[in-house]
Amino acid sequence: MTTPAVDPRTGLTSGEVAERVARGLTNEAPDARSRSLADIVRANTFTWFNGLIGSLWLVMLVVAPIQDSLFGFVIVANTGIGIIQEYRAARTLAKLSVLGAARPTVRRDGVDSEVPSEAVVLDDLVVLAAGDQLVVDGIVVASDGLEIDESLLTGEADPVDKAVGDTAMSGSFVVAGSGSYQATRVGRESFAGGLTEQARTFHLTNSELRDAINGFIRGISFMLVPVGLLLVWSQIVRADLPLDEAIRGTIAGVVTMIPEGLVLLTSIAMAVSVIRLAQKRVLVQDMPAVEVLARVDTICVDKTGTLTEPGMHVRQLVTLDGAGPLPDDVNAVLGAMGASESAPNPTLQAIAATYAPPAWEVSGTVPFSSARKWSAADFGEHGTWVLGAPEIVAADGDDARRRADEMAADGSRVLLLSRASRLPDAARSLDSGTAVALVAISQQLRPDAAETVSYFLAQDVAVKVISGDNATTVGAIASQAGVPGADNPVDARTLPQDPEALADAVAGASVFGRVTPAQKQDMVAALHLRESTVAMTGDGVNDVLALKKADLGIAMGSGSGATRAVAQVVLLDNKWSVMPSVVAEGRRVLGNIERVSDVFLTKTSYAVIFSLATGLFAFAFPFLPRHLTVIGALTIGIPGFFLALMPNTERFRPGFLRRVLLFAIPSGVICAASALTSYSVALSIEEPLGSAQSAATVTLFIVAISVLLQSARPLNLIRVAIVGSMVVAFLCVLYIPFLSQFFALSLAPERYSVVAVAAGLVGAVLVWLAALITDRWRRA
């Protein structure tokens, strides 16, 4: 179907826009990161484990007292908490996403105005400038040196020149020039919208952490059916127990094996983290970012807008000797250059704000791009002029380059104005012209930059400054910020292209200047070769490729739409100083999830041993379901919830599951051995079954509390208070008559009580000794 032409001067009329909105021809498209309340409820409720535990709960309600069915109510409460926390996080993200979303400029009724991306309609005329992300597919109707990067869609690294009549795809972004295009496909019909529709899945996180937990749970899942059948057979056939007691024992063994609360606590911790970050005006666009925050060991920063304050102004103009007689005043030339582009970058904006433009006719331009590092304009009888980086514009050995380095020593951005014989070809190397003047543009270091850099260095996070500016300028700013190695900045034009050699060069230096967008991407890849976890911050279109390549892309809220679109984290207030608290939040979440995983998987370990021992040796199950509910709540669930939300500054390291199992398996074996010893000794001295089960429960609690103490290290007053309150709660269960009867637990002055406490204390000591040994392996 042929798209009807739209007047490029006026765009659609208000009536035409309203007619398309009524027909549903808007850019409404699915958001792969969002979930409705119904989605959240379904995801938290209809899980495999909830189905299994729910079924067992219904059976238990029929065959046993309500006390033995408490585990079902715990699952209901956990599910409700998970839904509430995730919904709060979703609402918070939705509110912040409005602030961080791209707002394209459309021309309607002859007026250019910004609108939300979903408000763009079919046939809208979308106005483009450098840094803009394309939100719909369309046909170019005007081009002034328009260059579009489609690498995020096609993988092609080089920008594509766009002429009138060329197609433009949503998801690409403008790297140079300006223009406009007419929307031909919107919403789900657009290229990016179609990809989103195909990928419409929401993940709280897709990471080593969640993969490890899910892998462990899958392994336990395969054991549930055979272990359950073994328990049923041993309790009914071999132990000759009544059917209801056999079912109770079987369900108690199976339910305890399931670490159902671990997934819930992980989700809650992630959701709470998102809410906390939102309160700091940090938008987390991708949940895995929370984990990466904790693992970052290298942070790459752009100088402009990150280390320095937004905004620039001309500080100095130096006319060079040897330029010869000029037909026009240099101030007039700079004013003309500042007005030559319809969408100037911040540097050109500073020049335009300082020098008034003359009434010169522009017969041709080459817009600035980060890859070229220069712009040019042909003013007819007033000559052709080039403005850009002295290292690129001036020939080797030109005295202008020496003067430029001297001016850049204080951190100023220095540009060279050169007169050319003709308008340069954007696709070819720049021929040297006549150097006329140097322009120094000052940038102010952010007042909190040095403090932020100091924090990262103290946390063993390497800071690397990667900028397209002059290496001397970058080194001066980096030195003011306290970046190590700033006195030896590297000019990126001297870097090797071989990946291994580049990795060595990047690892050996901290400050780099004259870096092209493609080189930024290559440098991030080089750091990956050295197994670094890299965060990249940026605000300009030249940072997009590197942000996409990094493990964690961090964009400034005032940055280009394309930058914000590809970043996982957006700093809405443009404050790099918030990064220490952002990293600390990631470390808190991941460190605490590993801590609570220790106790959850310890429970699974001892539950498997209890079930196998009971099945193989055919004795009555050592616990009533209500006993294990108490143990789980007081040694895992309740303290785990608080521990998961406490401060933690340890950097997350790969090998999560290995470290947890090194702790959980020995601890689980000790818990099971201690409780089974107490149970068997109590039975051997002819105590009744109820007393033996009480003995096993008391022993298990003592050992499990010691496991909790070990996992809570390093201990402080708050953590000790949490553990102590759990001990007090258990004593209440033992000695308050109503609770003692309700849970069928007591610790009377009988022989089984001595056995229970003694076995528990021995087990606690063994847990402490085991932790001393396994700590060495876990740190390896």
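1. Setting aside neighbours within four places in sequence, the contacts of Ser-340 in this predicted model are with Thr-365, Ala-377 and Phe-379. Ser-340 itself sits in the loop that joins helix H12 (330–338) to helix H13 (346–354).

2. Is Ser-340 buried or exposed? With a relative accessible area of 11%, Ser-340 is buried, since the cut-off for that class is under 20%. A polar atom of the Ser-340 side chain also lies 2.7 Å from the backbone oxygen of Met-337.

3. Turning to helix packing, helix H23 (residues 625–643) and helix H26 (residues 717–735) pack with their axes 10 Å apart and at an angle of about 155°, which makes H23 roughly antiparallel to H26, given that angles over 145 degrees fall in that class. The crossing in which H23 passes H26 is right-handed.

4. In the contact between these two helices, H23 contributes Val-630, Ile-631, Leu-634, Ile-638, Pro-639, Phe-642 and Leu-643, which meet Arg-719, Ile-722, Met-726, Ala-729 and Phe-730 of H26. By class, the contact of H23 with H26 comprises 11 nonpolar residues, 1 charged residue and no polar ones.

5. H23 also packs with helix H8 (residues 243–257), the two axes coming within 9 Å and crossing at roughly 20°. H8 and H23 are therefore roughly parallel to each other, as angles under 35 degrees are classed in that way.

6. Which residues of H8 meet H23? Arg-248, Ala-252 and Thr-256 in H8 are in contact with Pro-625, Arg-626 and Leu-628 in H23, and by class the contact of H8 with H23 has 3 nonpolar, 1 polar and 2 charged residues.

Notes
Residues are numbered from 1 along each chain as its sequence is written. This is a predicted model: local features need pLDDT of at least 70, side-chain atom pairs count only at pLDDT 80 or more; totals for chains, interfaces and linings use all residues. Side-chain values use heavy atoms; hydrogens and water are left out. Axes are lines fitted to C-alpha atoms, for helices over the stretch in contact, and angles run from 0 to 180 degrees between N-to-C directions. Helices (H or I, at least four residues) and strands (E, at least two) are DSSP runs, numbered from the N terminus. Angles under 35 degrees count as roughly parallel, over 145 as roughly antiparallel, 65 to 115 as roughly perpendicular and the rest as oblique. A crossing is left-handed if the near helix is turned anticlockwise from the far one by less than a right angle, and right-handed if clockwise. Contact means heavy atoms within 4.5 Å. Ala, Val, Leu, Ile, Met, Phe, Trp, Tyr, Cys and Pro count as nonpolar, Asp, Glu, Lys and Arg as charged, and the others, Gly among them, as polar. Buried means under 20% relative accessible area, exposed over 50%, partly exposed in between (1.4 Å probe, protein chains only). A polar contact is a pair of N or O atoms within 3.5 Å; within protein, one must be able to donate a hydrogen and the other to accept it, and residues adjacent in sequence count only if both atoms are side-chain atoms.
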